[in-house]
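Hi,

Here is the structure we talked about passing on. Have a look, and then read my notes below.

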Amino acid sequence: MGKPKIGIYGLTGCAGDQLNILNCEDELLKLFEIFEIKSFVMASRAKDEEAKLDVAFVEGSVSTQKDLEDLLEIRKKSKILVAIGHCAVFGGVQSMFMGNEEWIKRYKKVYGKENAVTLTPPLEPKPVSAYVKVDAVLPGCPIEKEPFLKLAGKLAHGIIPKNPDYPVCAECKWKENECLLLKGEICLGPLTNSGCGAICPSHNIPCIGCWGPIHEENYAAEAQLLIDKGYDVDTVVKRFAIFGGSERAEKLRKFLEKKEG
Ligand code: SF4
Ligand code: SF4
């Protein structure tokens, strides 16, 4: 059996996840030894887009027609598709407060008119799972080196890994940090996927949720706790929406307004 063939691709995003793969400096040569890299334009212009892939890593949200066409092509030629980074997994900050044609209003605010960018028509930003089957995900904004290397190692052995299903708070407790939420700060650790090692609360900075919402989050309980601590609905909804997506923000706003009403 030859080396697994992989491709690393970027849709709309900041390219931070691809950069963090390149930042695996000590392990990069090993990665190039284990995998046959067919496309990684961030690293090399040499690419073979005709090749069938064992694994495709996709960064970025689907925010243009070109993104969508590229994604459908990548899916067609790949046995396993892995969404990497918040934009690919959850839609990114560009997908907050969407729905109700919000993105058109925001697009016009930035570009002045609806069809200002003619290279490719814009679409409402969405995660890749909105359009294609996703076999595995690695959240983070951007992804971290260690979890990426673990994921790549498992994929090299034909294992499709599952992410840990516990929140940032668990990692925070293991580090014996003092809880910022209990001190009255808006910390989204209880609602956020673990994996970053609770890096922000470990430096006394509240978690803003960049690893995305956990599977069974109890956002209502945390929102209520924050309201009880004196925060207003708008502040809470805005904080939850940064990395939580428009759907969650809307559900939360309705929940809080109903309670207040
Ligand atoms: S500081 Fe934040 S992440 Fe840490 S335990 Fe408290 S709520 Fe959870
Ligand atoms: S603590 Fe929260 S905001 Fe900070 S890196 Fe981790 S998930 Fe992101």
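How many residues of domain 1 are in contact with residues of domain 2? Before I get to that, some housekeeping. This is a predicted model, where local features need pLDDT of at least 70 and side-chain atom pairs count only at pLDDT 80 or more, while totals for chains, interfaces and linings use all residues. Residues are numbered from 1 along each chain as its sequence is written, and chains are lettered from A and ligands numbered from 1 in the order in which they are written.

Now the domains. The protein chain splits into domain 1 (5-156) and domain 2 (168-260), with bounds from an automatic or database domain assignment. Their C-alpha centres are 26 Å apart. As for the question, 15 residues of domain 1 are in contact with 13 residues of domain 2 (contact: C-beta atoms, placed from the backbone, within 7 Å). Helix H4 (residues 86-90) gives the largest share of the domain 1 side, three residues. Helices (H or I, at least four residues) and strands (E, at least two) are DSSP runs, numbered from the N terminus. That side of domain 1 has nine nonpolar, five polar and one charged residues. Here Ala, Val, Leu, Ile, Met, Phe, Trp, Tyr, Cys and Pro count as nonpolar, Asp, Glu, Lys and Arg as charged, and the others, Gly among them, as polar.

Next, the sheet. Five strands form an open sheet in the order E2-E1-E3-E5-E7, with parallel pairing (strands pair if DSSP finds at least two bridges between them). Strand E2 (36-39) and strand E7 (136-138) are at the edges with a single partner strand each, so one side of each has no neighbour in the sheet. E2 and strand E1 (residues 5-10) run parallel, joined by three bridges, and Lys5 stands opposite Glu36 in E2.

Then the ligands. Ligand 1 has 14 residues around it, of which Cys169, Cys172, Cys179, Cys187 and Gly189 come nearest (a residue is near if its C-beta atom, placed from the backbone, lies within 6 Å). By class, that shell has eleven nonpolar, two polar and one charged residues. Around ligand 2 you'll find, among others, Cys196, Cys200, Cys207 and Cys210; its shell has ten nonpolar, two polar and no charged residues.

Last, a loop. Gly158 is in the one between helix H6 (145-156) and helix H7 (168-174). Gly158 counts as exposed because it has 12 C-beta neighbours inside 10 Å (exposed means 12 or fewer, buried 20 or more, partly exposed in between, with C-beta atoms placed from the backbone).

Cheers

How values were computed: Two residues are in contact if their C-beta atoms, placed from the backbone, lie within 7 Å.
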